[in-house]
Each structure stands twice: as C-alpha cells, then as structure tokens.
Amino acid sequence: MKHITCIDDLRTLHQRRVPKAFFDYCDRGSYAEETLRANREDMQAIKFRQRVLVDVSRRDTSTMILGESSTMPLILAPVGLLGMQYGDGEIHACRAAQAAGIPFTQSTMSICSIEDIAANVEKPFWFQLYVMKDRGFIKELIQRAMAAKCSALVLTVDLQVIGQRHQDIKNGMTVPPEWSLSKLIDFATKPAWVSGVLQGKRRTFGNLAGHLKVSDDITSLSTWINSQFDTSLNWNDIEWIRSIWPGKLILKGILDVEDAELAAKTGAQALVVSNHGGRQLDGAPSSIEALPEIVDAVGSQMEIMFDGGVRSGQDVMRALALGAKSCMIGRAYAHGLGAGGQAGVAKAIDIIQKELLTTMGLCGVNRIDEIDDHIIAV
C-alpha cells in the first residue's frame with residue numbers, strides 16, 4: 001500500500017485482484033450510466049477559492065455525526081456483497097472504520113450477517129434496511145439489529161423498483177457465483193481472492209439465509225429476493241418502522257425537495273441526499289446538484305448527509321461547503337477492500353482524511369464547522 005496515492009490507485013488494484021463480475025457490480029451504474037457520470041462530473045466542476053497567509057496550523061477534521069463524535073465527517077455507506085470483494089469483507093470494512101473512528105453501515109444484502117459482524121467488532125455499527133413484502137421478516141431483521149446494538153437504522157427509500165445494471169446481466173453476476181468456463185478462467189487468475197472468499201464465513205446473503213421459508217440454495221434465494229422488493233412502500237410505512245425501531249433513523253435516497261420536506265415530518269433524525277450512486281434512476285440529477293436546495297428546505301430541521309460521487313477529500317469539502325454535515329462513501333472504500341482487505345479500506349479512509357486536511361489548509365480553514373459556501377469560487 002506504500003505507493004498508493006489516491007482512490008483511483010485502489011480501484012486499479014481492485015480491478016486486477018477481484019473477478020470481473022464482482023468488480024463491475026461495485027463499479028458500474030444503471031442503464032446508460034448518465035447519472036453515474038454526472039455524479040463525478042458535477043462534483044469536479046465545483047472549484048475552490050485558494051486562500052493564502054492564513055494561520056492553518058490548528059486544522060482538525062473531527063466533528064459530530066448524529067450527536068456522536070467522529071474523527072472526520074465520513075461514513076462508510078451500505079454496500080451489498082462486500083464479502084464477495086474480499087472474504088468476510090463486511091467485518092474487515094467495519095473494523096477499519098472503527099479503528100479510524102468513523103461509522104460503518106452494514107447492508108441488508110451483505111454476505112456476513114448482522115450477528116457475524118457484531119461478534120467480531122468492538123463497537124456498535126449502523127444497519128441499512130431494505131423494506132420487503134414479508135413484513136414479518138423485516139420486523140425480525142430490525143429486532144436483530146436492535147439485539148446487535150446497532151446505533152442507527154438507515155432506511156433506503158429509493159429501491160422499490162430496481163434499475164437495470166447492464167453489466168451485471170452481461171457478466172451473469174450471481175451470489176454465490178454460478179460456474180462457467182469464462183468465470184473459471186477469471187477465478188483461476190485470482191488465487192488470493194478465491195482463497196479468501198473460500199475461507200470466509202459465508203458465500204451467500206448472511207442476513208437472509210436460514211431465516212426464510214425457502215431453501216438456502218441460490219435459485220430459491222434469488223427468486224425470493226426478486227419477488228420481495230415492495231412497490232407499495234410509502235411514507236406511512238415509516239411510522240410502522242419507527243414503532244419497532246427505538247433508535248436513530250436515517251432516510252437514504254432523497255433527491256427531491258418535496259420528498260425532503262416529507263422526510264422532515266417523519267421524525268427521522270437525518271436524511272441522505274443520494275441517487276444510489278447512479279445505480280437506480282438513470283437520468284436523475286447528480287446528488288451534488290440536488291444538495292443545496294434540499295439543505296435550504298430542511299437543513300434546519302434534520303441532519304443532512306451526502307452520498308454520490310465522493311472519491312476524495314476534496315469531494316468531502318465540496319459537499320460540506322454546499323451544506324452537508326457529513327458524507328458517505330461506497331465505491332471508494334469498496335475499491336480499498338477489493339485491493340487489500342482491511343488494510344485497503346484503512347488506506348482509502350486515510351487518503352480521504354489527508355486530502356481533506358490539505359484542502360482545508362489551502363482554503364484557509366481550520367475546523368469542519370468553518371466550511372461553507374464562501375470557500376467555493378464563483
């Protein structure tokens with residue numbers, strides 16, 4: 001990791017070390033990938049004011065996230081299938097986040113189960129929930145998160161209908177992998193990945209397997225999952241979730257001001273401005289384009305988090321300047337995980353923190369709460 005300088009370097013290693021189907025699952029977006037590209041292009045179009053001869057000797061990235069101290073305004077977002085990027089990937093990512101002093105969010109569609117992670121880390125983590133038609137199972141899943149002492153529930157609200165990801169279809173991406181000659185050849189060139197995944201606790205969806213009325217084989221699980229995303233999910237369902245979950249609630253996937261105003265009425269403590277990393281509605285605006293108007297509308301009523309296109313400390317600075325209180329990263333740390341397990345995730349976090357510190361210094365800023373739109377060049 002000594003010669004890794006940026007998240008793109010981790011991405012290159014990730015692509016080299018992990019089979020194509022799983023790398024593409026992490027890296028690519030839906031349909032023509034217009035929104036995926038917009039997330040990066042719109043972010044990079046935001047320029048900073050360079051300030052000089054300011055005392056920046058006291059720079060500090062620490063902040064508060066949902067009332068808890070964090071070493072920086074960064075959260076590891078929920079990413080499905082981390083255990084297929086690296087054996088026991090969710091555990092390794094959570095350990096790296098906790099060592100760095102920032103939150104980790106486990107995906108419903110993870111390989112390791114809630115209990116697997118809780119038994120192998122020292123502190124509480126966040127749990128992300130997809131609401132499915134089987135509400136009895138969802139209630140049980142929330143209760144399992146409570147039993148594991150998860151400190152926040154992240155309700156993803158933008159996956160009632162699944163955007164098609166062309167590359168997953170072309171790659172025949174399944175969990176666990178279904179075998180073909182091309183996949184056998186691909187796997188044969190990545191022995192370290194094969195060994196790590198085979199030694200991992202699981203090779204299927206840990207939160208689902210063993211808890212359904214179907215067998216745990218891949219065909220039964222896939223059929224159940226595809227039939228379970230609930231197109232009837234609506235704002236009234238949040239009240240039902242809040243009747244079960246007693247802790248902090250975050251709504252992830254808000255991209256429209258009207259939806260943000262409705263979110264503020266639910267009693268949730270925070271929302272995440274997000275377009276699911278360009279993996280859902282292709283042709284939607286970038287997350288950074290949507291952020292300022294949402295901050296203006298509800299930023300005084302709930303904590304605003306940001307997700308979408310964050311690949312550097314400069315990107316964190318841009319989102320904070322436009323009103324976000326913290327940022328989630330998904331692909332950035334998944335690239336680190338695929339590149340080098342826990343050490344790779346730690347490297348991704350370290351890269352972003354150092355970039356943020358440098359950018360703060362060159363913009364004449366010492367503290368996170370000093371970052372606002374005055375640092376943006378107009």
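Let's start with the second largest pocket of this structure: the residues of its lining split into 13 nonpolar, seven polar and four charged. Keep in mind that you're looking at a predicted model.

- A total of 24 residues line the second largest pocket, and Val157, Asp158, Gln160, Gly253 and Asp259 are the closest to its centre.
- Two or more lining residues come from each of α11 (235–244) and β7 (248–254).
- Helix α11 has the largest share of the lining, with four residues.

**The largest pocket**

- For the largest pocket, the volume comes to about 1100 Å³.
- You can count 42 residues in its lining, and the ones that lie nearest its centre are Tyr25, Arg165, Asp168, Met173 and Arg279.
- Four elements, α2 (20–27), α7 (166–171), α10 (218–228) and β10 (326–329), each bring at least two residues to the lining of the largest pocket.
- Out of these, α10 gives the most, namely four residues.
- Sorted by class, the lining of the largest pocket has 20 nonpolar, 15 polar and seven charged residues.

**The cavities**

- The largest cavity has about 60 Å³ of space.
- Its lining is made up of Tyr130, Val131, Thr156, Val157, Asp158, Leu159, Gln160, Phe229, Asp230 and Leu233.
- By class, that's six nonpolar, two polar and two charged residues around the largest cavity.
- Val157, Asp158 and Gln160 turn up in the lining of the largest cavity and also among the residues closest to the centre of the second largest pocket.
- The second largest cavity comes in at about 40 Å³.
- Around the second largest cavity you'll find Ala21, Phe22, Met173, Thr174, Pro177, Lys183 and Phe187.
- Helices α2 and α8 (181–188) each give at least two residues to that lining.
- The lining of the second largest cavity divides into five nonpolar, one polar and one charged.

- Helix α12 (residues 257–264) packs against helix α13 (residues 287–298) at an angle of about 35°, and their axes are 9 Å apart.
- The crossing of α12 past α13 is right-handed.
- On the α12 side, the contact uses Val257, Ala260, Glu261 and Ala264, while α13 brings Glu293, Ile294, Ala297 and Val298.
- That contact has six nonpolar, no polar and two charged residues.
- The other pair is helix α1 (residues 7–17) with α2: here the angle is about 145°, and the axes are 8 Å apart.
- Arg11, His14 and Gln15 of α1 meet Phe23, Cys26 and Asp27 of α2.

**Residues with a positive phi**

- Most residues other than glycine have a negative phi.
- Tyr31 isn't a glycine, yet it has a positive phi of about 50°.
- You'll find Tyr31 in the loop between α2 and α3 (34–44).
- Tyr31 counts as partly exposed because its relative accessibility is 40%, which falls between 20% and 50%.
- Leu66 also has a positive phi, near 50°.
- Leu66 sits in the loop between β1 (63–65) and β2 (68–70).
- With a relative accessibility of 9%, Leu66 is under 20% and so counts as buried.

**One more residue: Pro191**

- Pro191 is part of helix α9 (residues 191–199).
- Its relative accessibility is 56%, which is over 50%, so Pro191 counts as exposed.
- Pro191 and Leu36 are 155 residues apart along the chain, and 31 Å separates their C-alpha atoms.

Terms used:
Residues are numbered from 1 along each chain as its sequence is written. This is a predicted model: local features need pLDDT of at least 70, side-chain atom pairs count only at pLDDT 80 or more; totals for chains, interfaces and linings use all residues. Side-chain values use heavy atoms; hydrogens and water are left out. Axes are lines fitted to C-alpha atoms, for helices over the stretch in contact, and angles run from 0 to 180 degrees between N-to-C directions. A crossing is left-handed if the near helix is turned anticlockwise from the far one by less than a right angle, and right-handed if clockwise. Contact means heavy atoms within 4.5 Å. Ala, Val, Leu, Ile, Met, Phe, Trp, Tyr, Cys and Pro count as nonpolar, Asp, Glu, Lys and Arg as charged, and the others, Gly among them, as polar. On a 1 Å grid over the protein atoms alone, a cavity is a set of points where a 1.4 Å probe fits but cannot get out, and a pocket is an open set with protein on both sides within 12 Å along at least five of seven lines; lining residues have an atom within 4 Å of a point. Grid points are joined across faces, edges and corners, and a volume is the space filled by probe spheres set on the points. Buried means under 20% relative accessible area, exposed over 50%, partly exposed in between (1.4 Å probe, protein chains only).
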